[in-house]
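This report looks at how the parts of a predicted model meet.

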Amino acid sequence: MLRHLVTIDDLSEFEIQAIFSLADEYLAQMATPDKPHRIRGRNPIAQDFVLATLFYEASTRTRFSFESAMLRLGGQVLSSADPKTTSAAKGETLADTIRVVENYADLVVIRHPCEGAVRVAADYADIPVINAGDGGHEHPTQTLCDLYTLQREKGALRNLNVVLWGDLKHGRTVHSLVYGLARFGARIIPLPAEGLGLPEHVCRRLLRDYDCVPLSKRDLGDFTSHDEFPVDVVYVTPDKPHQRSLFTNVQGEESDLLGVHLPQNAFARIDACYVTRLQKERMPNVAAAEAYPIVNREFLKNPMLKKSSVMHPLPRVSEMGYDIDDDERAVYFKQASYGVPVRMALIAALLNLKSGLLQPVHPRKKHAVYEQRTVACENPQCVTAQESERRYLTPRFWIVVEDEHLVLRCAYCEHEFVPGVMARTSTKKFMPNALDHDPPPADLVLFPDEAAALAAGFQPYKYKTRL
Amino acid sequence: MLRHLVTIDDLSEFEIQAIFSLADEYLAQMATPDKPHRIRGRNPIAQDFVLATLFYEASTRTRFSFESAMLRLGGQVLSSADPKTTSAAKGETLADTIRVVENYADLVVIRHPCEGAVRVAADYADIPVINAGDGGHEHPTQTLCDLYTLQREKGALRNLNVVLWGDLKHGRTVHSLVYGLARFGARIIPLPAEGLGLPEHVCRRLLRDYDCVPLSKRDLGDFTSHDEFPVDVVYVTPDKPHQRSLFTNVQGEESDLLGVHLPQNAFARIDACYVTRLQKERMPNVAAAEAYPIVNREFLKNPMLKKSSVMHPLPRVSEMGYDIDDDERAVYFKQASYGVPVRMALIAALLNLKSGLLQPVHPRKKHAVYEQRTVACENPQCVTAQESERRYLTPRFWIVVEDEHLVLRCAYCEHEFVPGVMARTSTKKFMPNALDHDPPPADLVLFPDEAAALAAGFQPYKYKTRL
Amino acid sequence: MLRHLVTIDDLSEFEIQAIFSLADEYLAQMATPDKPHRIRGRNPIAQDFVLATLFYEASTRTRFSFESAMLRLGGQVLSSADPKTTSAAKGETLADTIRVVENYADLVVIRHPCEGAVRVAADYADIPVINAGDGGHEHPTQTLCDLYTLQREKGALRNLNVVLWGDLKHGRTVHSLVYGLARFGARIIPLPAEGLGLPEHVCRRLLRDYDCVPLSKRDLGDFTSHDEFPVDVVYVTPDKPHQRSLFTNVQGEESDLLGVHLPQNAFARIDACYVTRLQKERMPNVAAAEAYPIVNREFLKNPMLKKSSVMHPLPRVSEMGYDIDDDERAVYFKQASYGVPVRMALIAALLNLKSGLLQPVHPRKKHAVYEQRTVACENPQCVTAQESERRYLTPRFWIVVEDEHLVLRCAYCEHEFVPGVMARTSTKKFMPNALDHDPPPADLVLFPDEAAALAAGFQPYKYKTRL
């Protein structure tokens, strides 16, 4: 049984809960009473194993967290900390590197600047691979730590009100967390700085892939009247998945909100406030940046935040004051601390040191696969766009059917884009990618635009209906 | 009981001796007969512990020495060797870094380019922090190794004649050693290259804080007549501390030299010669640099040096020849070797693996504290002068009373400077910092100059006596 | 008993076989049935030992291979991965570095950009030193892995037909392998890209030092008629060493080829094809570079290659296709994998964890030593040409007697060159280095040219015979 963790979707909810339970066990056994969040000592169940860290981008904190987890399990570590000292500098591809390193270690942790890079490594590896951050794509163990912190501090995730604060546009940390919160039924309350809201593709995916329901001002009532919390929308996950087609007639009545049953005073308190780095140089509006409130002692006086945990993936810059470090609601250092038990449990699971934690294969959502070279991923940061990796990589996409057209999602970087033209090889005809084709025909070919289709010898189809 | 080692003054003489005794024990148990100075094998008493090295400045040697010590104790290591791969590159502050890393390790060793940086880390840490060099400030474990080498090779430290050779101006190594020698009663014989003598503040501190007595040519007699050793002064430590006020009437008579009882022929031999790197580009006088004698086989023929240990913190450049490497007086590689048992003992002490080595709190000399933002440390290399750290650090100074004025010593980098103006908040008056105020008034305020005092709304006091 | 591995010649054939047998044992005990080439788990016989890696040049792969080997033996590791973080940056010499590090570790692995650098380290060390690559000189553990792979995959080395493919001019890997193949009696079939053949000094050394016999087209018959394998020469090693003087009359008759007895169909198949990186920018003829065949699925259809192992030291660039990765003849990842058991066995041997593997001293070929400063090594990459190391290093050469003149081989980088002038101190006469002097006179002095000899006060000798 070989399993990887490249995106948070690689783990089922059941598996995530199993990992959290094991992390709880480690803390119960190993933490001291005065620091119940911190692993001390060793539980040497991995003495015969070696973990390798391959960091093509610097991160002392994340690397230490993984290495500490492995050492606390009694295992050993091979460490590559510096992008410039790797064999990639000699032009070695990821596929080759991983097939060499798998002979030296039992488990590999990779950080890489290219989006989707760790998926490539996992595809070629015969040992477990963990993604410690691949460009702007994913950082799933950070998400595990975030969710674990919430569960640990709050008891459970379902129906928690979690504010996301600051820069919600950039940063894989927040996007992965959003999906994770949706999966576990926490309510997502975005409070972005001006111009730094959740990207449209993240919102779309929340609705499409995670069955979220967006509650607007009409649904939220009093909750949006706070000056400090100018809430536009809250994403909630119904207890039971609903049909996507019901989306259009959201009415906002509490009682029949697509299976969402909000208790009275559902939004009377904020359970957690997840703060992210606000990089002023990235903000389009400097005045708004200056005006954006800093999370500090003054800010936390708001009664809504009385029991709100303040989280932060760190490092902070100026968006969060040092004057709350001693406040018991400030849990960001605990959050870093929980990285150790969570990663210990993950390592134990992937190395099969504990049975029953993971299933042989995790049943991810099924989409049709598109593997023809007629289109290329449009994300310039994608691993498939790198010259060295293109030598051997075949582009691979999932065909995601939306109401209006077919969307391609890169199987590596998960970037989504809409090819301009669809065609069939049987008829050699093409037409705009503009209609509903569910499921797509077996001989489907996609092109970025008409010119590409014509160049490939296809002809326009005159009736703009189904091909 | 939480203890750090940031400056050599953080350990009492008793504690240093206890660490040396434990180092002796380790050597007795672990060294082989043919290399009695070298640790081999393991003494696995730290198996449940993890040491992290955070080196913001490169030093393979020092890092290896610490890591080897930890491994020989059976412990494990997290290693960060490269300044550019640390989270500091993302703007993380020391206070945040240490509060993250303390969750991953049981003990942290830090090297940092900013003076006082490791004190900041220690202030925020809840695990022991060891300074492995903070800019030009301190490198206390080097000093421990130096002292241990002297004691090991010579049997004891008291009344040893130790020549300090070369560049005594720059370099934390020599300054810390000077204070250490004073504390253990070795006699300090500075023999600097031209223009590279001990800084005045070091000499002043020797007298003021370590109760040293400077013996001049008149006191030394024949000893200063050697051409090779143009001795100007020797610092000796009386058997019993004396009053500072007696300083002015040093007469040089052997019998009543402030409690110093020099035996006949006290300076008949040099017990050790501590050589330091002579960086010619730093020397003001190139001709003098060329003329400065190299410590080599020829040099060691001097009868005064017949039994003199030759020490060097390494790396050497051209100030010491390779032709003495096989001479049994050359102990610099042994000196490096002793780094392992000394650091093992230190780690064992700080991790409480051996009880009774350290006291709960080490009683450092008491000075009044000054913590107002009216003055800033004048050392541009001080950690408090760095923009990132200023976000949360409050300046802190010790008020050191000298005969003529109040001196501020930065509690971080220990740089001393004299603020130009002193004032009292009760009277809103200020006057020059020029008189004896012992103890300082409770409502004392200090300013760098009159302009600053005036700007803060204070008025000049017309009588230039006590405020 | 202290032994190093700086060049592959530091080990006798017997010792290499002993190391391979131990590697076999480790694989038998530790590999899983599905991956019989890969070490898993631990065999903790080195628990009391520490290995230090000092990599002055980056190589994650090689470093991980050594560190994994040490961890699989239960030992510990000190790791220095980055050239810029070493004390060499402060101007420390190799001799000093190794004498410091030997106090911290039990075994040192060094990679260094200067040729001969690791020999210097070994000369000064009192612990075993392993060369992990010193510039263009040697990388002996790579050669051990290459030979072990061949033996493991093919059962034995003697009489194997091994094609060397690609860039045979640059690259220590191929040169060391050539000598290793000769020593174990494999037949060497160079198939270089245009302009990238084996350097003349390597060919000369094959004949002179390893007793090889070159078979030309006349000897090889049908074998050279393949279009795909334009074979010019094959180097074979006779079963019994022969006299060098017989070389001139090679006739090519199978029966009396200097003791070489070639069976019928000796060249009916290629046993292994050793591919090397083809760096097109280094090739003088661009068209030839483009035309050079890529080792891919198509190429491997050649019937001669039906059972040929395809080896590669990795990383590959474009000389070898990804389409053969699943072919069972592709053994390059296994080759990387074998690095672990081979290095485990080597470490066990050098640390004396297994007795009887190594002899107290390996009897290398004896040559007269020349240690006078009248000549300097002509290789600008030689460690003796580096300013820092020249401070203490004495040049040292082996006098290798060739038919026409005396050749000096640098004892560090093994670069060979012919000094222009030879002289005798007894007569103060010199003459061109042009005649046979076997053995060289005891008072021999060599100069690069006449000017140097004249400048040293020597006079020309008028009779151009023996001095």
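In all, 25 residues of chain B and 27 residues of chain C are in contact. Two residues are in contact if their C-beta atoms, placed from the backbone, lie within 7 Å. On the side of chain C that touches chain B, strand E1 (50-55), strand E2 (76-80) and helix H3 (94-101) of chain C each supply at least two residues. Helices (H or I, at least four residues) and strands (E, at least two) are DSSP runs, numbered from the N terminus. This side of chain C divides into nine nonpolar, nine polar and nine charged residues. Here Ala, Val, Leu, Ile, Met, Phe, Trp, Tyr, Cys and Pro count as nonpolar, Asp, Glu, Lys and Arg as charged, and the others, Gly among them, as polar.

This is a predicted model: local features need pLDDT of at least 70, side-chain atom pairs count only at pLDDT 80 or more, and totals for chains, interfaces and linings use all residues. Residues are numbered from 1 along each chain as its sequence is written, while chains are lettered from A and ligands numbered from 1 in the order in which they are written.

How are the copies related?

Within chain B, helix H5 (residues 140-154) packs on helix H10 (residues 332-350) at an angle of about 110°, and their axes are 8 Å apart. H5(B) and H10(B) are therefore roughly perpendicular (65 to 115 degrees). Residues in the contact include Leu144(B) and Tyr148(B) of H5(B), and Tyr338(B) and Val342(B) of H10(B). The contact residues divide into six nonpolar, four polar and four charged.

| Domain of chain A | Residues |
|---|---|
| Domain 1 | 8-139 + 336-350 |
| Domain 2 | 141-331 |
| Domain 3 | 368-460 |

The C-alpha centres of domain 1 and domain 3 of chain A lie 34 Å apart. Their contact takes 13 residues from domain 1 and 15 residues from domain 3. On the domain 1 side, H4(A) gives the largest share, three residues. That side divides into five nonpolar, six polar and two charged residues.

Terms used
Axes fitted to C-alpha atoms, helices over the stretch in contact; angles between N-to-C directions. Parallel < 35°, antiparallel > 145°, perpendicular 65-115°, else oblique. Domains from an automatic or database assignment.
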